[in-house]
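Hi,

Here is the structure I promised to pass on. Have a look at it, and then read my notes below.

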Amino acid sequence: MKKILSILALLSVAIFAEAQNPKYIAAMEKNIAALDTTRDGAKLQNLANNFERIASAEKSEWLPNYYTAYCYVNMTYSTKGNEIDTFCDRAEKFIKVADSISPNNSEIYTLKAQIASARISVNPMSRGQKYGMESGELREKAKELDKTNPRPYYLEGTAYFYTPPMFGGGKDKAKPVFQKALEMYETFKPASTIAPNWGKNSCTYFLKECDKK
Amino acid sequence: MNRILFTFTLILLSFQGVLAQTKVSGKILDQKKQPLPGVNVFIKDTYDGASTGADGTFSFTAADTGDVIIVCSFIGFEQIEKKIKLTSSDFTFNTTMKESLNELKVVTISAGTIEASDEKKTTVLKPLDIVTTAGAQGDIVGALKTLPGAQQVGESEGLFVRGGDGSETKTIIDGMVVNKPFFSAAPDIASRGRFSPFLFKGTVFSTGGYSAQYGQGMSSVLALETQDLPAQTSSTLAISSVGIGGGYNKLWKEKNMSVGFDLNYANLLPYFKLVKQTPEYTRAPQFSGGSLNFRKKTSTTGMLKFYGYFNLSDLGIKTLSIDSTNGFKNLFELNNSDVYTNLTYKERLGEKLLMNIGASYSTNVDNIRTWTDSIRSQSDMTQGRIVFSRGIGKLSMLRIGAEYQYTYDDVKIDGAASGYGYHIRNTIYDNYSAQFVEADIYITQKLVWRAGARGEHSTLEKEYVISPRTSVAYKVGEKSQLSLAYGQFYQKPDRTYLFYPQIPGYNKATHYIANIQRVDDFHTLRAEIYYKKYDNLTNLNDSTNSGYGYAQGLDVFWRDKKTIKGVDYWISYTYLETKRKYQNYPKEVTPPFAAKHTASLVFKKFFEKLNLSSGFTYTYASGRPYYNPNNPEFMSDRTIDYHSLGINGAYLRQIKNCFAVLAFSVTNTIGNEQIFGYRYSYDGKQSAAVTPPAKRFFFVGLFLSFGQNRSKEVIDNNN
């Protein structure tokens with residue numbers, strides 16, 4: 001009887017242990033799938049909340065925190081003015097947690113760079129230089145940490161795309177960078193089914209925009 | 001055996017699934033009882049939760065029972081975490097969320113203050129706005145003259161604010177007074193400010209009622225804050241129609257230290273050969289100078305900064321004498337050397353305590369020569385300042401500080417050239433000390449009360465005076481606020497009078513200001529009414545402090561960055577009614593530096609496709625009073641109205657790692673006749689208008705900035 005009970009105990013532990021992981025993966029997969037097609041601010045907020053909950057439950061995982069921050073950064077694209085800073089501050093709060101769980105992570109540095117460049121929109125004239133430089137440095141670090149990651153290159157392309165030509169940007173500068181990013185997207189292998197793998201569609205879209213006059 | 005195991009496991013699993021299935025639901029509202037959609041309501045450390053809908057309601061099933069913590073998390077609001085006990089029956093959770101501290105929603109003292117800074121979000125101007133204002137020629141004061149409160153005084157340097165003369169505005173850099181913020185100039189020809197607007201990250205132009213931290217400016221204070229560490233190492237080169245300059249600023253790799261210098265030389269001779277000037281220049285104005293700066297982050301919260309500036313200037317001018325009938329010209333030659341240094345250190349001493357220490361030394365020597373006299377005037381100032389700021393609660397702040405200024409003024413007049421052989425020398429020393437205490441008390445996020453007092457003592461004045469200062473601001477709406485200010489402001493009399501055997505006492509002004517403003521991302525509307533009472537002004541008729549006066553009026557400012565695409569414009573209007581009896585005035589009159597109506601329209605447009613930024617500034621002021629000895633009514637004559645249209649443009653281009661700006665500007669483009677006043681001969685029969693030395697001033701310049709941007713190098717290498 002003792003033997004059966006101890007086997008039962010072991011089994012239940014194994015079952016419970018396994019029960020968490022598939023639950024985590026399933027929850028993440030479901031929300032990540034919704035991410036790709038969501039641009040609406042209110043829907044992104046709901047997704048951010050979902051990821052925030054997963055992050056609360058899975059304290060040793062960096063990905064839920066990463067995706068929460070990712071949602072908030074994407075919300076800045078449908079707001080303007082000083083509101084953008086509020087969203088960026090919140091994104092930073094979560095990316096900091098992700099960073100403490102998984103330091104020197106290329107995807108995390110890419111997202112940090114994205115948050116910095118989002119702040120430029122508040123006042124491009126006076127913020128362009130400061131946050132442009134900050135974003136650039138974070139991007140470079142992201143590239144160094146994972147040479148196969150296409151996302152820092154995609155971000156760089158958008159930086160050139162949105163910077164006026166008189167300040168060294170423009171579509172001509174952006175195009176080769178997007179092309180390089182697209183090549184990298186073709187060969188990139190994400191670490192898992194829930195690791196960051198976004199941006200290919202946007203990259204393709206931007207490449208088309210570069211060709212327009 | 002297997003079947004028992006299997007069943008048992010099933011029971012165990014279903015146990016987990018079935019036993020605790022509590023329904024949690026409720027509604028989340030804000031403090032105004034409005035529903036909050038998008039709030040994340042969940043059981044801490046679990047997956048269980050939901051987002052509130054458009055009506056603020058939520059509903060989810062919780063897997064656990066017992067003691068848990070429910071969390072409400074929402075951007076812009078204070079997070080709620082509450083202990084609750086879940087049983088198998090439904091649980092209702094309704095609550096109100098409180099808005100978290102948001103800089104945009106917090107009220108700020110705005111009466112009498114116009115701030116231009118990148119950091120604060122509710123400011124009226126950004127430093128870049130100052131640089132790009134047409135007609136200002138890149139001079140901070142020139143740009144501030146387009147704001148309400150400032151008068152258009154074209155023949156003297158300085159800021160003439162709300163009926164006060166130029167000496168009533170003090171220029172302050174990093175908390176410390178600058179003795180000679182303007183270049184020395186020939187009489188009736190205005191000079192510009194010494195410091196480039198690019199040196200500063202923040203500008204606070206106060207039109208009255210300013211903080212107890214500053215003093216000795218009866219009308220206003222221009223408080224400038226120098227830049228911190230640069231974003232990158234850079235070198236600059238400037239070539240213009242008036243001179244050349246260059247500089248280098250190195251940022252250490254660890255980004256915690258920077259050292260930089262710049263040198264410049266200007267000579268107006270080539271320009272004067274092209275554009276005729278009314279006065280005859282025996283020596284065209286020449287300026288050579290430079291600066292050195294050092295900045296170091298001493299810790300994560302500490303910063304040490306040093307700025308050193310030096311400048312030599314020289315000019316010689318001959319102007320037609322009004323008293324002569326044969327074309328005799330008066331000679332005025334000026335040679336100036338100026339050194340200004342500023343050292344500041346700031347550090348956080350505790351979580352809420354900030355310390356700011358500063359020291360400054362400056363020396364200025366003017367050597368002036370006329371046909372009859374040779375004058376050497378030296379003015380030195382050494383100062384120290386310390387301020388402690390302590391945060392109280394979330395928003396309130398207490399400031400205590402002290403400052404000390406030692407001034408040395410020496411004037412030596414030699415009449416030897418004329419043969420009269422008189423020598424006069426006078427030296428004055430003053431030890432000025434001040435202490436101040438001030439608190440910004442936030443009664444609520446929307447209501448703040450600032451109360452403070454400043455005590456000042458001067459060994460020359462031999463008197464200790466205390467000036468109370470207070471202001472209140474209330475946020476009446478999401479983007480608008482109402483602000484009131486009151487204060488007393490003492491000032492030592494003008495330097496000239498300090499040389500008198502009988503030194504007059506402090507001059508005094510009392511301010512009453514009411515302001516209402518509305519600021520959002522694209523528009524600013526500001527209206528301010530003021531009353532300023534002057535007392536104890538210097539009266540030369542009886543060498544006492546029996547002078548007095550008043551100034552009152554209305555300032556209006558409207559800025560719009562959105563309505564016209566790509567255009568940023570602002571309109572400012574000042575109504576000023578002022579009279580004073582001081583100096584040698586026989587009675588109370590409107591002084592010559594005050595115009596009843598002043599208005600400015602500043603317009604800027606960015607042509608993105610052309611890489612061109614362009615703008616114009618149109619300024620109008622009604623006629624100014626001037627003294628006419630033939631008129632028995634003292635100071636009752638008025639000049640013609642003043643009109644000026646300035647235009648400027650800048651073409652921007654980035655070539656590899658060099659950022660180039662080709663700038664041009666013209667003042668008084670359509671050549672309006674501008675008369676600031678009149679000078680009369682001894683017998684009153686001849687008069688000459690005081691006008692600018694030339695109708696227009698043209699400027700063309702090329703500015704190159706070379707930065708080391710490594711990410712760009714990477715792209716170039718990859719291609």
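A word on terms before the tour: helices (H or I, at least four residues) and strands (E, at least two) are DSSP runs, numbered from the N terminus. Counted that way, chain B has six helices and 39 strands. Keep in mind that this is a predicted model, where local features need pLDDT of at least 70 and side-chain atom pairs count only at pLDDT 80 or more, while totals for chains, interfaces and linings use all residues. Residues are numbered from 1 along each chain as its sequence is written, and chains are lettered from A and ligands numbered from 1 in the order in which they are written.

Chain B overall

The C-alpha trace of chain B spans about 130 × 65 × 45 Å along its principal axes. An automatic or database domain assignment supplies the domain bounds: domain 1 of chain B covers 20–97 and domain 2 covers 113–718. Taken over C-alpha atoms, the centres of these two domains are 56 Å apart. Of the 719 residues in chain B, 35% are buried (20 or more other C-beta atoms within 10 Å of a residue's own, with C-beta atoms placed from the backbone).

A sheet with a helix from the other chain

Chain B has an open sheet of four strands in the order β3-β2-β5-β6, with antiparallel pairing (strands pair if DSSP finds at least two bridges between them). Its edge strands are β3 (49–51) and β6 (80–86) of chain B, each pairing on one side only. Strands β2 (residues 40–43) and β3 of chain B are joined over three bridges, and Val41(B) stands opposite Ala50(B) there. What packs on the sheet? Helix α2 (residues 41–57) of chain A does, touching β2, β3 and β5 (66–73) of chain B; contact here means C-beta atoms, placed from the backbone, within 7 Å.

Nonpolar cores

A nonpolar core is a set of buried Ala, Val, Leu, Ile, Met, Phe, Trp, Tyr and Cys residues joined through C-beta atoms within 7 Å. The largest one has 51 residues, and Tyr66(A), Ala69(A), Cys71(A), Ala91(A) and Ile95(A) touch the most other members. Helix α3 (residues 63–75) of chain A gives the most to this core, nine residues. Leaving aside neighbours within four places in sequence, the contacts of Ile95(A) include Tyr66(A), Ala69(A), Ile108(A) and Leu111(A). A second, separate core of 41 residues has Met176(B), Val178(B), Ala223(B) and Ala551(B) among its members.

Cheers

Conventions. Two residues are in contact if their C-beta atoms, placed from the backbone, lie within 7 Å. Axes are lines fitted to C-alpha atoms, for helices over the stretch in contact, and angles run from 0 to 180 degrees between N-to-C directions. A residue is buried if 20 or more other C-beta atoms lie within 10 Å of its own, exposed if 12 or fewer, and partly exposed in between; C-beta atoms are placed from the backbone.
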